[in-house]
Amino acid sequence: MRTGRADAVIKAAGVAEVTDADFEAEVIGAELPVLVEFTADWCPPCRQIAPVLSAVASEEGDRLKVVQLDVDTNPEITNAYGVLSMPTLMVFRGGEPVKSMVGARSKRRLLEELSDVL
C-alpha cells in the first residue's frame, strides 16, 4: 500500500521539491537562476536524469538552484508553463523562464546547455 503520492516522486539527492504553493517563493523569487525539473513517478527518463540533477546541484550550487516539481500533484504550475512532456527542464532567471529542455541528458550535455544561463 502506498502512503501518499509525495513519497513516489523520484527524489534526486540534494534537490529540493517545490509545489504549486511555494513555487513563487522558491523559484520566481530566487536570487540565483533556478533549474526546475518537471517530473513524474511514472516517467523512466525522470529516473535516468535524477543522478545527473544531483551532481549538477552539488557542483553548481553556488551558481544554480536545482528543484523538482511533481506534475501529477502540482497541476497549476505545470499548466501555467505549458509542460506536456517529462522530464521538462526549465531555467528561471529573474522570475522568468529563459530556457526549456525536454528529455533526459548526460551531465556533460546538460552543463553545456546551461552554460549560457549560468
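A crossover is called right-handed if, with the strands pointing away from the viewer, the path from the first strand over the helix to the second runs clockwise. Helices (H or I, at least four residues) and strands (E, at least two) are DSSP runs, numbered from the N terminus. The model shown here is predicted, so local features need pLDDT of at least 70 and side-chain atom pairs count only at pLDDT 80 or more, while totals for chains, interfaces and linings use all residues. Residues are numbered from 1 along each chain as its sequence is written, and side-chain values use heavy atoms, with hydrogens and water left out.

**View 1. Strand 2 and its partners.** Let us start with a β-α-β unit: strand 2, helix 2 and strand 3 build one that is right-handed. Two strands count as paired if DSSP finds at least two bridges between them. Strand 2 runs parallel to strand 3 (residues 65-70), with 6 bridges, and Leu-35 sits opposite Val-66 of strand 3. With strand 4 the pairing of strand 2 is antiparallel, over 5 bridges; here Phe-38 has Thr-88 as its bridge partner.

View 2. Buried means under 20% relative accessible area, exposed means over 50%, and partly exposed lies in between (1.4 Å probe, protein chains only).

**View 3. The buried face of helix 4.** Look for Leu-110, Glu-113 and Leu-114, the buried residues of helix 4 (residues 107-114). Down the helix axis they fall within an arc of 95°, so they line one face of helix 4; the arc is taken from the directions from the axis to the C-beta atoms. Their cover includes strand 2 (34-39), helix 2 (44-60), strand 4 (88-93) and strand 5 (96-102), where contact means heavy atoms within 4.5 Å.

**View 4. An aromatic cluster.** Phe-23, Tyr-81 and Phe-92 form one cluster. Rings of Phe, Tyr and Trp (its six-membered ring) pair if their centres lie within 6.5 Å; planes under 30 degrees apart are stacked, over 60 edge-to-face, and the rest tilted. The count comes to 3 aromatic pairs.
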